[in-house]
Amino acid sequence: MIRPGCVSNKGEVVSNFMQKFFSDVYIIWSRELIRFWRNKVRVLSGFSFPILWLAVFGTGLSASLSLPVPGVKFIDFLFPGVISQYTIFIAMFGAISILQDREFGFLKEILVSPASRTAIALGKILGGASSAFLQALPIIILGALMGISVSLLMLLALIPAMILLAIALSALGVAIVSPMKSLDAGQYIFQFITFPITMLSGAFFPLRNLPLWLDILTKINPLSYTVDLMRRIVFTFADMPPEAVTALSPVIGGRVPSIAFEVVVTLAFCVAMTFIASLAFRKS
Amino acid sequence: MNLAIKAEKLTKKYKDFIAVNQISFEVFEGEFFGFVGPNGAGKSTTISMLSTILEPTSGKISVAGFDVLKQKNQVRNSIGIIFQETSLDIDLTALENLWFHAKIYGLEKKLFESRAHELLKLVQMSERKDSLVRTFSGGMKRRIEIVRGLLHHPKVLFLDEPTIGLDPQTRSLIWKYLNDLQKREAITIFLTTHYLPETENCNRVAIINQGEILALGTPSELKKKYKQDSMDKVFIEATGHGIADEELSDDDQARMRFKQRGGRF
């Protein structure tokens with residue numbers, strides 16, 4: 001804690017400040033985790049959503065729909081899509097906790113405390129992201145049960161992509177709810193945003209041979225590149241034919257974007273959203 | 001004597017009405033100061049401004065020697081608040097709520113443990129410290145909030161209607177504790193209340209109505225001024241016999257309070 005009037009050099013003040021800042025982020029984040037753990041029954045009930053999408057919809061559609069790529073079943077295509085979709089939904093809706101805190105008064109306790117607004121926003125973003133990541137992780141087991149050849153390497157490659165996606169969407173959620181006052185409004189707006197951004201991300205259908213308007217909408221959606229990145233990870237480690245890995249990726253200027261490009265877009269989206277969310281929260 | 005709070009021409013305007021209009025007052029260090037007025041008089045708005053969570057439209061405030069507008073962080077470190085509505089996380093246990101608070105205020109673990117232990121014992125909540133707050137009654141929540149508000153040893157403690165909705169036993173327990181504490185620690189207490197007998201123990205009381213201070217003085221000075229024998233009667237005499245505020249529907253009152261809080265929370 002920095003005490004006014006205490007004699008110390010500038011470096012020490014800065015380091016104390018940073019220590020307090022990270023400690024605040026950590027506290028806010030750990031509160032979210034405790035709450036997540038305490039609500040695990042409710043959390044588990046939400047898992048019916050990916051089960052329906054992957055097991056029922058995926059298996060059902062695979063039976064009569066074949067993709068234009070030999071050796072790839074529709075469910076293989078849908079698997080990374082469902083991971084992305086569930087991560088996007090949960091991360092985004094996690095930000096509702098700010099509105100709940102507002103409604104139940106706890107936000108006042110936080111706002112009147114010496115914690116910096118940026119630290120509070122970051123703690124909230126990381127809390128929502130962690131809970132989304134932990135909830136989406138079991139989909140990988142579900143995928144294995146559905147016959148996708150999941151490997152440890154695939155898991156290790158998917159984890160960072162999922163974390164970045166979760167942080168980005170959690171931050172987007174925080175940016176949206178920050179100026180809002182009522183819990184109901186938040187829920188409507190989220191429905192209104194999450195469906196289109198997931199639909200337009202290539203989570204449910206390949207971004208190939210689309211009419212121009214749909215092609216443009218999917219390409220300006222940064223999530224398209226994250227979803228494609230996740231699919232390329234899955235296909236690569238599931239021992240698909242190499243040509244299958246990029247056969248369903250979006251095409252820009254006659255070429256499939258490189259992995260590096262997709263990583264950069266994902267990272268940039270994540271950083272930008274976090275920045276915007278902190279700003280929005282400070283202003284609220 | 002040193003000043004704990006100094007407000008100069010403090011004003012909060014909203015589009016269609018003035019919640020607080022150019023009020024000035026001083027609270028001394030170690031003083032037990034009452035701030036009373038009818039619903040919608042501007043009490044909560046004033047507390048919100050004093051405690052850094054609401055920007056005033058104009059005016060100057062200093063709390064615990066710091067400028068509220070420029071040194072928010074120092075002010076936040078020096079104050080404790082018990083809000084009108086509960087502000088505990090009901091999904092955490094009592095102790096977890098206190099732990100969260102201690103961490104945010106930079107309290108060391110040992111100090112936190114000893115203070116939490118002592119304070120919980122005082123408000124007779126030691127046995128329930130590991131229960132979820134959602135299982136508590138209103139009075140139990142209030143007692144935990146009082147413990148929390150005192151945990152970091154604030155110089156100034158704001159109490160916004162702290163005993164609203166509590167039974168007489170809990171109310172007297174809380175006041176006994178606060179009075180003891182105030183004598184022992186020389187903490188400054190800034191109290192808003194509807195329950196006028198609670199102001200009999202105040203060092204000084206300000207009566208506010210429609211955003212303006214009508215009278216300020218010790219309870220005996222006020223009684224003399226208004227020629228009454230209790231603070232209840234002083235209050236009615238000062239703010240008028242009309243009950244315009246009560247004629248509002250509950251919804252209107254809620255909306256008015258909401259507006260007063262700056263459309264927040």
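**Salt bridges, chain contact and aromatic pairs**

In this predicted model, B:Glu26 is partly exposed, with a relative accessible area of 32%. Its salt-bridge partner is B:Lys6, and the closest N and O atoms of the two residues are 3.1 Å apart. The pair links distant parts of the chain, since B:Lys6 belongs to strand E1 (residues 3-13) of chain B and B:Glu26 to strand E2 (residues 18-28) of chain B, 20 residues apart. B:Lys6 is likewise partly exposed, its relative accessible area being 28%.

Over all chains, the structure holds 27 salt bridges. One of them joins the side chains of B:Asp91 and A:Arg35, with 3.4 Å from N to O. This pair joins two chains, because B:Asp91 lies in the loop between E6 and H3 of chain B, whereas A:Arg35 lies in helix H1 (residues 10-38) of chain A. Both ends of the bridge fall under the 20% limit for a buried residue: B:Asp91 is buried at a relative accessible area of 12%, and A:Arg35 is buried at 11%. A:Arg35 also forms a salt bridge with B:Asp89, in which the closest N and O atoms are 2.6 Å apart. These residues belong to a network of salt bridges that links A:Arg31, A:Glu32, A:Arg35, A:Asp101 and A:Lys124 with B:Asp89, B:Asp91 and B:Arg134.

A further salt bridge is found within chain A, where A:Asp215 pairs with A:Lys219 at a distance of 3.0 Å between the closest N and O atoms. The two residues are 4 residues apart in helix H11 of chain A, which means that about one helical turn separates them. A:Asp215 is buried, with a relative accessible area of 18%, while A:Lys219 counts as partly exposed at 21% relative accessibility. The loop that runs between helix H11 (212-219) and helix H12 (223-237) of chain A contains A:Asn221. A:Asn221 is buried, with a relative accessible area of 9%. When its neighbours within four places in sequence are left aside, A:Asn221 is in contact with A:Ile197, A:Leu200 and A:Ser201.

The contact between the two chains was examined next. The size of an interface is often given as the accessible area lost when the parts come together. Chain B and chain A bury about 2,800 Å² between them, and 63% of this area is on carbon and sulfur atoms. To the contact, chain B gives 32 residues and chain A gives 27 residues. Between chain B and chain A, 6 salt bridges are counted, and 8 residue pairs are found in polar contact across the interface, with both residues at pLDDT 80 or more. On the side of chain B that touches chain A, the elements that give two or more residues are helix H2 (72-78), strand E6 (79-82) and helix H3 (94-104) of chain B. H3(B) supplies the largest share of that side, with 7 residues.

Aromatic side chains were considered in turn, and 23 aromatic pairs were found over all chains. Among them, A:Phe21 and A:Phe22 form an edge-to-face pair, with 5.5 Å from centre to centre and 90° between the planes. Because A:Phe49 lies in helix H3 (residues 48-64) of chain A and A:Tyr86 in helix H4 (residues 74-94) of chain A, the pair ties together parts that are 37 residues apart in sequence. A:Phe49 counts as partly exposed, at 30% relative accessibility, whereas A:Tyr86 is buried, with a relative accessible area of 3%. Both residues are members of one aromatic cluster, which is formed by A:Phe47, A:Phe49, A:Tyr86, A:Phe89, A:Phe93, A:Phe190 and A:Phe195.

Charged groups are also placed over aromatic rings. In chain A, the charged end of A:Lys40 sits over the ring of A:Trp37, at 4.5 Å from its centre. In chain B, the charged end of B:Arg171 sits over the ring of B:Tyr195, at 4.0 Å from its centre.

Methods:
Residues are numbered from 1 along each chain as its sequence is written. Chains are lettered from A and ligands numbered from 1 in the order in which they are written. This is a predicted model: local features need pLDDT of at least 70, side-chain atom pairs count only at pLDDT 80 or more; totals for chains, interfaces and linings use all residues. Side-chain values use heavy atoms; hydrogens and water are left out. Rings of Phe, Tyr and Trp (its six-membered ring) pair if their centres lie within 6.5 Å; planes under 30 degrees apart count as stacked, over 60 as edge-to-face and the rest as tilted. Buried means under 20% relative accessible area, exposed over 50%, partly exposed in between (1.4 Å probe, protein chains only). A charge sits over a ring if NZ of Lys or CZ of Arg is within 6 Å of the ring centre and within 35 degrees of the ring normal. Contact means heavy atoms within 4.5 Å. Buried area is the accessible area (1.4 Å probe) that two parts lose on being put together, summed over both. A salt bridge is a side-chain nitrogen of Lys or Arg within 4 Å of a carboxyl oxygen of Asp or Glu. A polar contact is a pair of N or O atoms within 3.5 Å; within protein, one must be able to donate a hydrogen and the other to accept it, and residues adjacent in sequence count only if both atoms are side-chain atoms.
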